[in-house]
Amino acid sequence: MKRLIILAIIVLMFGWTVYDLVIKEEETNEQGTDGFMVSGEPDGGDPEDLEVGLDIGSTAPDFELETLEGDTVKLSDFRGQRVMINFWATWCPPCRAEMPDMQRFYENTDIKILAIDLIETESSKDDVREFADNFELTFPILFDEGEEVSTLYHVLPVPTTYMVDSNGIIQYKAFGAMNYDMMIQEYEKMD
């Protein structure tokens, strides 16, 4: 009887180990090395037939926001172009760290960057304006007043980034800061 119990425990432990390894491998394939990146192959098909959502291969939810300059920008206005949607805040150290790389990325490619500031977490718009001036940012900075778009995109950590191809399909998402090389790598995978 003792041998049966020991054998059952060994079988359960072996089974759990195999299960754990398979699950970890699947998670590794979906995440980058730091566990915060998600990339994958979209399902393909006609972009008009794809579901709107936040998964890789889904059509990115449309939104309309005001820029730092007072203009109105809509995501769907950029259909036909590759877009990087980045949610950030001036008080966020990883956001501050990635901004020079984002500016360089913007200057060296034809990417359209929509940098969405979580204005509800800022002291004032002047702080954002000063931040943009200090970092010499030339890409559009949008304000998410009322947190509608950050809620729509399920933004929890900042920065959060979505890379959207020219058909409006999400090709990549990152929860945490990206560096220049990562930006270029994901950009080159998109149409």
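Predicted model: local features only at pLDDT ≥ 70, side-chain atom pairs only at ≥ 80, totals over all residues.

Cys95, Glu98, Met99, Asp101, Met102, Gln103 and Phe105 come out buried in α2. I then asked what they pack against: the buried residues of α2 sit against the strands β4 (83-88), β5 (112-117) and β7 (160-164), plus the helices α3 (125-134) and α5 (180-189).

Next, the helix geometry. I checked the length of α2 (residues 93-108): at 1.5 Å a residue, its 16 residues should span 22 Å, and I get 24 Å between the end C-alpha atoms, so the two agree. I also looked for bends and found a kink of about 35 degrees at methionine 99, shortly before proline 100. Methionine 99 is also on my buried list.

Then the disulfide. I count 1 in the structure, and it joins cysteine 92 to cysteine 95, with the sulfur atoms 2.5 Å apart. Which hand does it have? The torsion about the S-S bond is about 80 degrees, so I noted it as right-handed. Both cysteine 92 and cysteine 95 are buried.

Last, threonine 90, which I found in the loop between β4 and α2. Buried or exposed? Its relative accessibility is 10%, and the cut-off for buried is under 20%, so threonine 90 counts as buried. Its side chain makes a polar contact with the side chain of glutamate 122 at 2.4 Å. Leaving out residues up to four places away in sequence, I listed Arg96, Asp117, Glu122, Asp127, Val128 and Phe131 as the residues threonine 90 touches.

Terms used. Residues numbered from 1 in each chain as written. Heavy atoms only, no water. Helix = DSSP H or I, 4+ residues; strand = E, 2+ residues; numbered from the N terminus. Expected span 1.5 Å × (residues − 1). Bend = angle between axes of the 7 residues up to and from the residue. Buried < 20%, exposed > 50% of the residue type's maximum accessible area, 1.4 Å probe, protein only. Contact = heavy atoms within 4.5 Å. Polar contact = N/O pair within 3.5 Å; in protein donor to acceptor, adjacent residues only side chain to side chain. Disulfide = S-S within 2.5 Å.
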